[in-house]
Amino acid sequence: MSSALTNLTIGDCRSLIEKREVTALSLAEEYYAHIENQDARIGAFLTLSKERALQQADRTDRMAVEGQLLPPLAGVPVAIKDVMSTRGVRTTAGSKSLATYIPAYDCTAVARLEAAGAVILGKTNCDEFAMGSSNENSAFGPVRNPRDRSRVPGGSSGGSAAAVAADMAVAALGSDTGGSIRQPASFCGVIGLMPTYGRVSRYGLIAFASSLDHIGPLTKTVKDAATILKTIAGRDPLDSTSADVRVPDYVAELEQPLGALKLGVAQEYFGEGLDDEVRHAVESAIDRLKSLGCEIVPLSLPHTAYAIPTYYIIATAEAASNLARYDGARYSFRAAGVKSLSEMYRRSRDQGFGAEVKRRIMLGTYALSAGYYEAYYLKAQKVRTLLARDFQEAFRKVDAIVTPTSPTAAFRLGEKSDDPLAMYLADIYTVTADLAGIPGISVPCGETQQKLPIGFQILGKHFDESTVLRIAHAYEQASQTAS
Amino acid sequence: MKITEKDVAYVADLANLELTAAERAGMLRDLNSILGYIERLNQLDTSKVQPMAQVSGGLGVDQSKPGSEGFACASREDVVEGLRKSLPQDVALQNAPDADGTFFRVPKVIER
């Protein structure tokens, strides 16, 4: 029943409510009805937070009736990836170990969205502890790609991407540690933005790899991504790594002319393994940007081939440390019938974690263990420096870098689930930005012959989301005019 | 550098995991495959490269304070309940698998 109301942007929602053509309450109820109808086929949501959503919608409606100035996200129905803590609403991280966990506090990004008027519809499915590239690692079952149900939505923010793509939310929050916002956005045909590391507070985000985790929006338009980023960005005393850097008005800056921006195209992102249809679509997108006045500058990011091995050491090492807290004692799953404390730890973790999470804990623990720390962890930290330097060098010459988001369009469920290494390689074009801490956005740029969405990625300088968004917006406007 | 069944058992123990025999066999295969791929890092000479633990030590620099160190803005007064209130005891115990109203309850610690 995709009625007119379930295909709205943030701006549409706010103005309809402001003009009192629709109430926030009826809008929320309409989205819930749509979820009820559609989500059994997709599996995007794990928990609906109806009570909290309807209370919030009611508050907005009362403000509208009183003629008060409505906040920027007034009445906008949003979905939250289930790795972000929500007070009073079950938060599982896609894991059996947190299947009944109800946080006592809100993630800062969620609190800021709600303070800006957003209506939190519910929590979206994801790979367990955000570890995966297909959403098949959720303890609560996979999410299906709304474009083709035999295919994955990407991961780990698969539920958030699918919810937006299937009109079950106007926008969603996801998290990105190695590509988990941008890759599912490209697989589902929506916008996915990973901000600079430190741009958005990680307080209340269930930690996977602390030096790599980012929160960001998945939306239908670039403008909506800019609106959400503006709302959630900025210093938060509760996250000591959140940066004290001015938050610009990303929405206002979208409309500034592109001018003669220099866009880098790195040969390493167009090599072996890139699907021909994806290559063609991304090259067409680059041509379009050129026709908008951008200058295309060929360049090299020579250490790109080392990004995946570097990532899988650093991310798993940090994960092994972060996941030590799931001990079965305080808030996570406890195995039944355990007779001693050490048995409680081992059995609870054995039964609470899925196969991929255990694999990563093992890899990370090995990489940090005595005798191997220097060969693996320290080596990876040094290569991370080289990867970050590649980008520093490149950004002396260009304003942004354009690449494919993923080497292929959405693959089939089960296609890669027996081969962890093949799955890891799905992140080959996205992990570099996480390691360097720079912002990146995935923007839809066409379809394969089988009608599967293709996305391209724009990477920018630290804290230069404005330029990334401006290029994405100009491209989006130009493609809409063309089609 | 191939890892062995003994290594898998040792690492599982460090990670507080038990793993079934089938899981251990799968782990041996997968870890060797991934570590084999990771070997390619040794193609790079990193003897003169500094390790990178964080994206930038400069991200948290407080612009208003001259000479501010990285993450200077992260420092705060050392006071009880400085940034936020502590959780009340009953709320903190709410998600516990087993609690007695005051403490988390766990099986006995001393095993012999």
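Predicted model: local features only at pLDDT ≥ 70, side-chain atom pairs only at ≥ 80, totals over all residues.
View 1. Take a moment to look along α7(A): the buried residues include Lys223(A), Asp224(A) and Lys230(A), together with Val222(A), Ile228(A), Leu229(A) and Ile232(A).

**View 2. Strand β3(A) and its two partners.** Here we turn to residues 119-124 of chain A, a strand that is mostly covered, with six of its six residues buried. On pairing, β1(A), residues 45-48, joins β3(A) in the antiparallel sense over three bridges, and Thr47(A) has Lys123(A) as its bridge partner in β3(A). Strand β2(A), residues 77-81, runs parallel to β3(A), and five bridges join the two. Within β3(A), Gly122(A) is the bridge partner of Ala79(A).

**View 3. The β-α-β unit that ends in β3(A).** Follow the chain from β2(A) over helix α4(A), residues 108-115, to β3(A), and you trace a right-handed β-α-β unit.

**View 4. Val119(A) in the nonpolar core.** The largest nonpolar core has 160 residues, and Val119(A) is among those with the most contacts inside it, as are Val76(A), Val78(A), Ala163(A), Ala169(A), Ala171(A) and Ala172(A). Helix α10(A), residues 307-322, gives the most to this core, with 10 residues. Which residues touch Val119(A), leaving aside its neighbours within four places in sequence? They are Ala24(A), Ala28(A), Ala53(A), Gln56(A), Ala57(A), Gly75(A), Val76(A), Pro77(A) and Val78(A).

**View 5. Chain B where it touches chain A.** The contact takes 55 residues from chain A and 47 residues from chain B. On the chain B side, α1(B), residues 5-14, and α2(B), residues 21-38, each supply at least two residues; the largest share, seven residues, comes from α2(B). By type, this side of chain B divides into 31 nonpolar, nine polar and seven charged residues.

**View 6. Chain B on its own.** Chain B has three helices and zero strands, and from the N terminus on its elements run α-α-α. Of its 112 residues, 17% count as buried. Among the contacts in chain B with a separation of 6 or more, 14% come from residues 24 or more positions apart.

Technical notes:
Residues numbered from 1 in each chain as written. Chains lettered and ligands numbered in written order. Core = buried A, V, L, I, M, F, W, Y, C linked by C-beta atoms within 7 Å. Buried ≥ 20, exposed ≤ 12 C-beta atoms within 10 Å, placed from the backbone. Helix = DSSP H or I, 4+ residues; strand = E, 2+ residues; numbered from the N terminus. Contact = placed C-beta atoms within 7 Å. Nonpolar A, V, L, I, M, F, W, Y, C, P; charged D, E, K, R; others polar. Pairing = 2+ DSSP bridges. Right-handed = clockwise from strand over helix to strand, strands pointing away.
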